[in-house]
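Hello,

Here is the structure you asked for. Please keep it open while you read the notes below it.

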Amino acid sequence: MFLDLSIPYKVADMSLAEWGRKEIEVSEHEMPGLMAVRRKYGPEKPLKGVRVMGSLHMTIQTAVLIETLVELGAEVRWCSCNIFSTQDHAAAAIAAAGIPVFAWKGETLPEYWWCTAMALSFPGGKGPQLIVDDGGDLVNLLGGKCAQYGDRLIGGCEETTTGILRLRARDREGTLPCPMMAVNDAKCKHYYDNKYGTGQSVWDAIMHMTNLVVAGKTVVVAGYGWCGSGVALRAQGMGASVIVTEIDPFKALDATMNGFRVMTMA
């Protein structure tokens, strides 16, 4: 994997930066928690000199997080954790602000791994001290092909169920490169991100892609966990006939008590 560390960033289209900046300014009003952190801790710069690297969906909301870390004094490099989730205007705005970001929508898998390795490579051959991971790919690299960048790790956080499962497997094997905070285990993550955030964004994506009216459709939701229950709730609210399939008897009963038909996948 050839890394040209003289490349300051790589995004799809820098002409999108102005649009991205406008959306970031709107999102700041909708993310009062991070803005409160900036006001309270920004003058103290508690992360001054700390190298922070993130592998997280490069969206407008993530841009607000990135700029909050910079405001707190961190040296930040970023990539996306998914080849299709990057919002190119968000990536362009972050690059225009002078923050190294390597992400664009529609990356190939080799490009995806290149972007991750580039985001790991701080000046002077140094690696990150803190990491923000989503899905476990970053920890996987730091425990394997990019182990040379993991020698100064203090710790990090992981936000997904899949990522936590991968971390716990590594922990059992003794190959976890640093202590990790399981953000996904937080109750507010389950309720506000998984149930309500995913529940809304899934339908937003489906309706944009298909241009279909949801009302009157039969919708099958496979699994009634935090995300599944949110997806089912939104579909029901839009007038769909919702069927839930679930192998856990308690969750199946919960779905029944919430007014959904519960059936086997067959």
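In this predicted model, helix H8 covers residues 187–210, which is 24 residues. From its first C-alpha to its last, H8 reaches 33 Å, close to the 34 Å expected at 1.5 Å a residue. H8 is bent at Thr198, by about 35 degrees. Its buried residues include Lys189, His190, Asn194, Gly199 and Trp203. Strand E7 (218–222) and helix H9 (226–237) are what the buried residues of H8 pack against. Just after H8 comes Asn211, with a positive phi of about 60 degrees.

Next, a pair of helices. Helix H1 (residues 17–29) packs against helix H4 (residues 88–96) at an angle of about 95 degrees, and their axes are 7 Å apart. Because angles of 65 to 115 degrees count as roughly perpendicular, H1 is roughly perpendicular to H4. On the H1 side, the contact is made by Ala17, Trp19, Gly20, Arg21, Glu23 and Ile24. H4 contributes His89, Ala92, Ala93 and Ala96. The residues of this contact between H1 and H4 divide into six nonpolar, two polar and two charged.

Last, helix H5 (residues 109–120). This helix has twelve residues and reaches 17 Å between its first and last C-alpha, close to the 16 Å expected at 1.5 Å a residue. Buried in H5 are Tyr112, Trp114, Cys115, Thr116, Ala117, Met118, Ala119 and Leu120. Which elements cover them? Included are strands E1 (51–55), E2 (75–79) and E3 (101–102), along with helix H6 (137–142).

Regards

Key: Residues numbered from 1 in each chain as written. Predicted model: local features only at pLDDT ≥ 70, side-chain atom pairs only at ≥ 80, totals over all residues. Heavy atoms only, no water. Helix = DSSP H or I, 4+ residues; strand = E, 2+ residues; numbered from the N terminus. Expected span 1.5 Å × (residues − 1). Bend = angle between axes of the 7 residues up to and from the residue. Buried < 20%, exposed > 50% of the residue type's maximum accessible area, 1.4 Å probe, protein only. Contact = heavy atoms within 4.5 Å. Axes fitted to C-alpha atoms, helices over the stretch in contact; angles between N-to-C directions. Parallel < 35°, antiparallel > 145°, perpendicular 65-115°, else oblique. Nonpolar A, V, L, I, M, F, W, Y, C, P; charged D, E, K, R; others polar.
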